[in-house]
Amino acid sequence: MPAVTETIDAVQSVTEGPYKYGFETDIEMEFAPKGLSEDIVRFISAKKNEPAWLLEWRLKAYAIWLKMEEPVWAAVDYPKIDYQASYYYAAPVKKAGPKSLDEVDPELLRTYAKLGIPLKEQAILAGVEGAGDTPAEGGRMPIAVDAVFDSVSVATTFRARLEKEGIIFCPISEAVQNHPELVKQYLGSVVPQGDNFFAALNSAVFTDGSFVYIPKGVRCPMELSTYFRINAKSTGQFERTLIIADAGSHVSYLEGCTAPMRDENQLHAAVVELVAHDDATIKYSTVQNWYPGDENGKGGIYNFVTKRGACRGARSKISWTQVETGSAITWKYPSCILLGEDSVGEFYSVAITNNYQQADTGTKMFHIGPRTRSTIVSKGISAGHGQNTYRGLVKISPKAVGARNFTQCDSLLIGDQCGAHTVPYIENRCMTAKVEHEATTSRIAEDQLFYCRQRGLTQEDAVGLIVNGFCREVLKELPMEFAVEAQKLLQISLEGSVG
Amino acid sequence: MNAQFEAGPEGFLRRYEGLNNRLPGIRQPWVVALREQAANAFRSKGFPSRKLEAWRYTDLALLAQTGFGEALTPVDEDFALPEATAPQRVVFLDGRFRADLSDGLARSLGANLSAAEGLLGSVARVDDLPLAALNTMLFEDGALIDLPAGADGGAIELLSIIQSGDRPVTVHPRHVIRLGAGARLVLIERALGRGEGRYLHNPVVEIVLEEGAHLTHARIQQEGPGGIFLSTVFANAAAGATYDSFLLHVGAKLSRSEAHVSLNGPKAMAHLNGAQLLADGQHGDCTTFLDHAAPDCASRQTVKTVLAGRSRGVFQGKIHVHQVAQRTDGYQMNQALLLSDQAEIDSKPQLEIYADDVKCSHGATVGELDENQLFYLRARGIPQATARSMLIEAFLQEAVDSVEDETVRAALGTAVAGWWETIA
């Protein structure tokens, strides 16, 4: 039986073409008026029934944003964005909670099926009450999912199970209502409203996203995951994720995203904030698969994201792993502020640009506390007309005695129309710190290809194999399920780039 | 006394307007056009600010706040020169050519401008480089070396001495060098400061290397403690040509050397090595832009920085591999040694690659002396202080050892040893 299913899946994935998440769900939606103004900010806040302090916070962000200029320093090139041509709020019209799968809007249901979310979870995703408590089949490690559809979170699974441990995992809009003290304390404490142009925009108009709080000493019993889906036309997605790991806790969080294939470019400007207290560990993994645009560079998502984690406590650890295969343009630098003594920051990244995709991505490691350590491993792959830039900063303050950083950036070029760029910044003000950086750029070696071809692999399979080997150091950091998906994605992303 | 000179870009522009009909080349339309273009560029840009990516780590506030005047040097003064580092020598005193102290194949550019037509300004860029524009606008003299095809020019020292006192002065020398096909030259460019006062030394060197030419170019900056040294080198290498350079920053309050090197023909080669030795209160910046614009070229770069006291070192190195530059072989290494807990190093090695069949790598390391190496020496009975100095000298020696030419290596070795004595 499983073999049959796999075969069907395999055939489908072939016939559906390179980007299989490019469909659009036709569902009744509620929009805010097009464009951006103070009124829209007030509209979103009112829609979410937010307390006054949050509205004030948003309005302050909007005022800051108005005075800011869009950054131009990244090695990406795109026409000027008209911020008034977009909808800042779009949500599926919510009917009274359906009691069984039959009552759920079949369109939403079909969407989740197509996105490959398992049936049991699917029942929960569509908002069926009670299904969340059904134990997962076959003893397989369950994954709790928060599904964000355009501007709102449509469902969060396994909440009852998590609540038993004292873990809060819910949409941020709900956290604002139920845990205002936590949200107020941490929101904007890592990425302030005025941090950068896109973070300010997000702070003004963010609609939903996930909120996670892991209490002291708790090891989260399952992977937490958020699934982002842009569906509606002319919308921007501005989600905000906030994860707090209290002293001695541990959490692994996954993020996935897809969007329909369209000729227009849609903006995705998210903010993710992580806070790790003493001895806490946060592992944050992303498989970014927004629609990359067609082979002529038409359409695709502008992925302008601010992600930052603060290692506030001693011996805390934040680890970012990202596989960036989608988006027309990626502008993203998941960072770590290493404040606590002996705290650890990690960044593992694979970024692929094919066709006309552009990616300017990397990390920033701020070493502030003594004996802080960081590791950066970045693998960039450029094919077609893709442009791939690693941009990273390692900054060591005078107090970071004995700090240590190791950075490795490798670039692989496939074809002579693409570009690979490396821009590391090292700023060291501490004598006892040790910083090492190395970078290489090369193409796939002829002898490696020849070796694979000789053993009967097709050119495309051989390239896929070599690319997977090139990315291995990063892929092994991903949780199991994601690693498998990521490997397939790498192959799909490179389709048409060889031969 | 300072008050009579206006500070900031306006001061320099006023000076240009005032000097306009006294500057060399005033009767040669091509020179006037070059100066006008530069003046327009400088007028629109002013001094570079830290908001510019290329100036992120070097602040020119010191320059902007000072009003500079013209260096007033009696031309016939007897002058005790330091020992020469090469058999031939050309001497500039406060930016003025001293025929009586010079011998060899270099001529005064100011006196031979016509001979530089078509060459001067052919490599330098002024539109986006305000300091090169400032130089082009105000240069009065410099060395002109034009070697015919196949000639071996031997080794020549280009010595520039600036005397400083109470009154800040400024000098903008322009050196133009062309090596015909297959010609060879060893050039040791040395900047020396006399006196403790503030001054600006803003040289621009334009270099044209024709097919198969070979230039060894050492730049030794030993400015006085009040000196501001801002230099820009432009070099174009044709097929098979080699530009082998070494930069040494030892003196000056604030120094920045910018090199724009372009490998324009197949199998051209560039070495952009260097060392910065910075003590308390000094700021040193080594910035290079290397263009691989033709296939089968190779480049090597190793830059070492040693920082003592409250000093700041900057390294920015960009390698740009154009789409045509297939089979490029590029290597870049940048190492810094921090000897004090008040020192700062900012390093930005950068690769921009548009060709696929390339082999490019870079590395950077920053740290203090290796504890294990120190322990090894201490265990063999060597005192702490001696062990430290041995390791630092070894670190520096490694940089100097990369230089092939013996004359240059000796000159660099002397300068490094001199610095080391002041620190130890």
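**Exercise 1. Find the residue of chain B that stands opposite T440(A), and describe the strands around this position.**

Step 1. In this predicted model, T440(A) faces S361(B), a residue of β22(B).

Step 2. Strand β22 of chain B covers residues 358-367, and its partner in chain A is β24(A). The two strands run antiparallel and are joined by seven bridges.

**Exercise 2. Describe the contact between chain A and chain B: how many residues take part, and how much area is buried?**

Step 1. Count the residues on each side: chain A contributes 31 and chain B contributes 35.

Step 2. Take the area. About 2,700 Å² is buried between the two chains, and carbon and sulfur atoms account for 48% of it.

Step 3. Y425(A), I426(A) and M431(A) provide 23% of the area that chain A buries against chain B, more than any other three residues.

**Exercise 3. List the polar and charged links across the interface, then say which strands and residue classes make up the side of chain A that touches chain B.**

Step 1. Four salt bridges are counted between chain A and chain B. A cut-off is needed to check a pair: a side-chain nitrogen of Lys or Arg must lie within 4 Å of a carboxyl oxygen of Asp or Glu. R443(A) and D356(B) form a salt bridge, with their closest N and O atoms 3.9 Å apart.

Step 2. On the side of chain A that touches chain B, β23 (419-428) and β24 (434-443) each supply at least two residues. Sorted by class, this side has 12 nonpolar, 12 polar and seven charged residues.

**Exercise 4. Locate the two ends of the salt bridge between D342(A) and R371(A).**

Step 1. The side chains of D342(A) and R371(A) meet with an N to O distance of 3.1 Å. Over all chains, the count of salt bridges is 43.

Step 2. D342(A) sits in the loop between β16 (335-338) and β17 (344-353) of chain A, and R371(A) in the loop between β19 (364-367) and β20 (373-383). The two residues are 29 residues apart, and the pair links distant parts of the chain.

**Exercise 5. Where is V324(B), and which residues does it contact beyond its neighbours in sequence?**

Step 1. V324(B) lies in the loop between β19 (312-321) and β20 (328-338) of chain B.

Step 2. Beyond four places in sequence, V324(B) contacts A293(B), A294(B) and P295(B).

Step 3. For A379(B), 55 residues away along the chain, the C-alpha separation from V324(B) is 55 Å.

**Exercise 6. State the confidence of the prediction for each chain and for the complex.**

Step 1. Chain B has an average pLDDT of 92, with 97% of the residues scoring at least 70. Chain A has a mean of 84, and 85% of its residues reach 70 or more.

Step 2. Residues 1-16 of chain A stay under 50 and have one contact beyond four places in sequence. Residues 96-101 of chain A also stay under 50, but have 13 such contacts.

Step 3. For the complex, the predictor gives an ipTM of 0.88 and a pTM of 0.89.

Terms used: Residues numbered from 1 in each chain as written. Chains lettered and ligands numbered in written order. Predicted model: local features only at pLDDT ≥ 70, side-chain atom pairs only at ≥ 80, totals over all residues. Heavy atoms only, no water. Contact = heavy atoms within 4.5 Å. Buried area = accessible area lost by both parts, 1.4 Å probe. Polar contact = N/O pair within 3.5 Å; in protein donor to acceptor, adjacent residues only side chain to side chain. Helix = DSSP H or I, 4+ residues; strand = E, 2+ residues; numbered from the N terminus. Nonpolar A, V, L, I, M, F, W, Y, C, P; charged D, E, K, R; others polar. Pairing = 2+ DSSP bridges. pLDDT = per-residue confidence, 0-100.
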